[in-house]
Amino acid sequence: MTARRHRTQAERREQTRTALLDATIECLVELGYARTSVQEICARAGVSKGAAQHHFADKADLMASAVAHLTTRRMAALSASFADLPRGEAAIPTAIDLLWAGYSGTLATAATELWIAARTDPALRAAIRPVDRALGRETLTQIRTLAPELPRERLETLFWLTVNFTRGLALDAELGGAPARRKQLLEEWKRLALAAYRGA
């Protein structure tokens, strides 16, 4: 029988840190930013408030770290999805569907909560901007491999239009907008994006 390996101090610290960050995202999705407290996060993570302070000085520090953690998870999810896409024109509607899924899922809900809070929180806004831009750059790099024949400027325009369009649809979904209307708008955008692609 193989002896059970004891975790190192570094591994225990990383596990505690990850548990706190995952609990933060869970709270953001279920409770929203305003109702998310360090006490609630600690309870869900199974970590004492004193232990949490060894990792994060306060709520602002925890939220700033959650931004990076959230972005890493979203990047991993998008990377895995894009790996199996076809190339060229056939990739356009599927890529739009993936971007919609990426900007409307559970992780995106947590990100939306942080963005809204960042409007009036300069420190949180400063933490969000670089990691959000990194997510955009990474995703755009992967999309370029799907349609290398498309002029760079046109591809970037289509990408950012899609990102902002799907973010708007995601907010509409959060506010209880009609699913049928969102589906119709998404299909119409795929049609327009394909027309722009063919006009290259």
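Me: What makes a stretch count as a helix here?
Reply: A helix is a DSSP run of H or I with at least four residues, numbered from the N terminus. Threonine 139 has its place in one of them, helix α7. The model is predicted.

Me: Why is threonine 139 called buried?
Reply: Buried means under 20% relative accessible area. Threonine 139 has 2%, so it is buried.

Me: Which residues is threonine 139 in contact with, leaving aside neighbours within four places in sequence?
Reply: Leu78, Phe82, Leu99 and Phe159. A contact needs heavy atoms within 4.5 Å.

Me: Where is lysine 190, and why does it count as buried or exposed?
Reply: Lysine 190 sits in helix α9. Its relative accessibility is 8%. The limit for buried is under 20%. Lysine 190 therefore counts as buried.

Me: What is in contact with lysine 190 beyond four places in sequence?
Reply: Pro93, Ile96 and Asp97.

Me: How many cavities of 30 Å³ or more does the structure hold, and what makes a space a cavity?
Reply: The structure holds 2. A cavity is a set of grid points where a 1.4 Å probe fits but cannot get out.

Me: What is the volume of the largest cavity, and how many residues line it?
Reply: The volume is about 160 Å³. The lining has 15 residues. Ile92, Ala95, Ile143, Leu155 and Leu158 lie nearest the centre of the largest cavity.

Me: Which elements give two or more residues to that lining?
Reply: They are α5 (91–104), α7 (122–146), α8 (152–174) and α9 (179–198). The largest share comes from α5, with 5 residues.

Me: How does the lining of the largest cavity divide into nonpolar, polar and charged?
Reply: There are 14 nonpolar residues, 1 polar and no charged. Ile, Ala and Leu count as nonpolar. By that rule, the residues nearest the centre, Ile92, Ala95, Ile143, Leu155 and Leu158, are nonpolar.

Me: How much space lies in the second largest cavity, and which elements each supply at least two lining residues?
Reply: About 90 Å³ lies in the second largest cavity. The elements are α4 (59–82), α6 (106–118) and α7.

Key
Residues are numbered from 1 along each chain as its sequence is written. This is a predicted model: local features need pLDDT of at least 70, side-chain atom pairs count only at pLDDT 80 or more; totals for chains, interfaces and linings use all residues. Side-chain values use heavy atoms; hydrogens and water are left out. On a 1 Å grid over the protein atoms alone, a cavity is a set of points where a 1.4 Å probe fits but cannot get out, and a pocket is an open set with protein on both sides within 12 Å along at least five of seven lines; lining residues have an atom within 4 Å of a point. Grid points are joined across faces, edges and corners, and a volume is the space filled by probe spheres set on the points. Buried means under 20% relative accessible area, exposed over 50%, partly exposed in between (1.4 Å probe, protein chains only).
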